[in-house]
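I opened this entry to look up a few helices, one surface patch and the charged pairs. The notes follow in the order in which I checked things.

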Amino acid sequence: MSSATTSNPAIGAVRTALGVSGVLSLVIGVLILVWPGRTAEVAVGILSVYVIIAGLVNIAVGLFWRSGWSRIGYLVLGVLFIVAGIFSFANLSATTAWFGVFIGTLVGILWIIEGVVSLTTVGHGSKARAWTIFFAIISILAGIVLLFSPLLGAVTLFLLIGISLVILGVFQIVRAIQFGKAV
C-alpha cells in the first residue's frame, strides 16, 4: 500500500464514516434482536421527545405570530403535540404496541393497494404478465394476513430490520477496513 493512499485525509474520512455507520448499524441491529421490545420502546420514546419539541416550537411560533387564526392554530397545535408526547411517555409500552399495530395495518393496506395496482398493469402489453399476476396475488394475500395480525407483522418486520442491520453493519465495517487499500 502506498503512503499516498494511507495518508490521504479524504480516504481517512471516508473510512471513518464507513466504520462509524457500520458499528452503529451493528449495535442497533443487535439491540433489536436481543431486546426487541425495549428497543422499540426507546424508538417510540425518541419519537415522543420529538413530538414534545415540535409542540414547543409550534407554541413559540404561535406566540410570536402577528395575530389571527394562524396564531391560535399554532398554539392549539403546540398544546396537542405536547399532550400527545406526555401521554406517550405515561405508558410507553401501550404506545409502542399501538404504534406497532398502526404500522402493521398501514403496511397491510399499502400491500393490498400495491397488489391491486399491479393487477391493473397486466393488460398493458407486459411481457412479465404471469410474474405480475403472481406478485399481485402475493401482495394482496400478504396485506390481508397483515391486517388480521398487524402487531405480529410489525414485530416480524422489526426483527427483519434487526437482522438486516447486523448484516449490513458487518459489511460496512469490512468496507471501512478495505477502503482505500491498493489492489
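The expected span of a helix is 1.5 Å times one less than its number of residues. I note at the outset that this is a predicted model.

**Entry 1: helix H4**

I took helix H4, residues 69-90, and checked its length against that rule. H4 has 22 residues and reaches 31 Å from its first C-alpha to its last, close to the 32 Å expected.

Next I asked which residues of H4 are buried. They are Gly-78, Ile-82, Gly-85 and Ser-88. These residues lie on the same side of H4, because they cover an arc of only 125° around the axis. On the other side of H4 I found Trp-69, Leu-80, Phe-87 and Ala-90 exposed.

I then looked for what covers the buried residues of H4, and the cover includes helix H3 (36-64) and helix H5 (92-120).

**Entry 2: Ser-48**

I picked Ser-48, which lies in helix H3. Is Ser-48 buried or exposed? At 3% relative accessibility, Ser-48 counts as buried, since the cut-off for buried is under 20%. Leaving out residues up to four places away in sequence, I listed its contacts as Gly-85, Ser-88, Phe-89 and Leu-92. Gly-85 and Ser-88 are among the buried residues of H4 noted above.

**Entry 3: salt bridges**

How many salt bridges does a search of the whole structure find? The search finds one. Glu-41 forms a salt bridge with Arg-38, and the closest N and O atoms are 2.8 Å apart. Both residues lie in helix H3, three residues apart, which is about one turn of the helix. An α-helix has 3.6 residues a turn, so residues three or four places apart point the same way.

I also compared the accessibility of the two partners. Glu-41 is buried, with a relative accessible area of 15%, whereas Arg-38 counts as exposed at 57%.

**Entry 4: nonpolar patch**

I looked for nonpolar surface and found a patch of about 1100 Å². Its residues are Val-23, Val-27, Val-30, Leu-31, Leu-33, Val-34, Trp-35, Leu-160, Ile-163, Ile-167, Leu-168 and Phe-171. The elements that give two or more residues to the patch are helix H2 (9-34) and helix H7 (150-178). The largest share, six residues, comes from H2.

Note on methods: Residues are numbered from 1 along each chain as its sequence is written. This is a predicted model: local features need pLDDT of at least 70, side-chain atom pairs count only at pLDDT 80 or more; totals for chains, interfaces and linings use all residues. Side-chain values use heavy atoms; hydrogens and water are left out. Helices (H or I, at least four residues) and strands (E, at least two) are DSSP runs, numbered from the N terminus. Buried means under 20% relative accessible area, exposed over 50%, partly exposed in between (1.4 Å probe, protein chains only). The arc is that of the directions from the helix axis to the C-beta atoms. Contact means heavy atoms within 4.5 Å. Patches are made of residues with over 30% relative accessible area and no salt bridge: like charges are joined within 9 Å, nonpolar side chains (Val, Leu, Ile, Met, Phe, Trp, Tyr) within 5 Å. Accessible areas come from the Shrake-Rupley method with a 1.4 Å probe; for residues, only the protein chains shown count as cover. A salt bridge is a side-chain nitrogen of Lys or Arg within 4 Å of a carboxyl oxygen of Asp or Glu.
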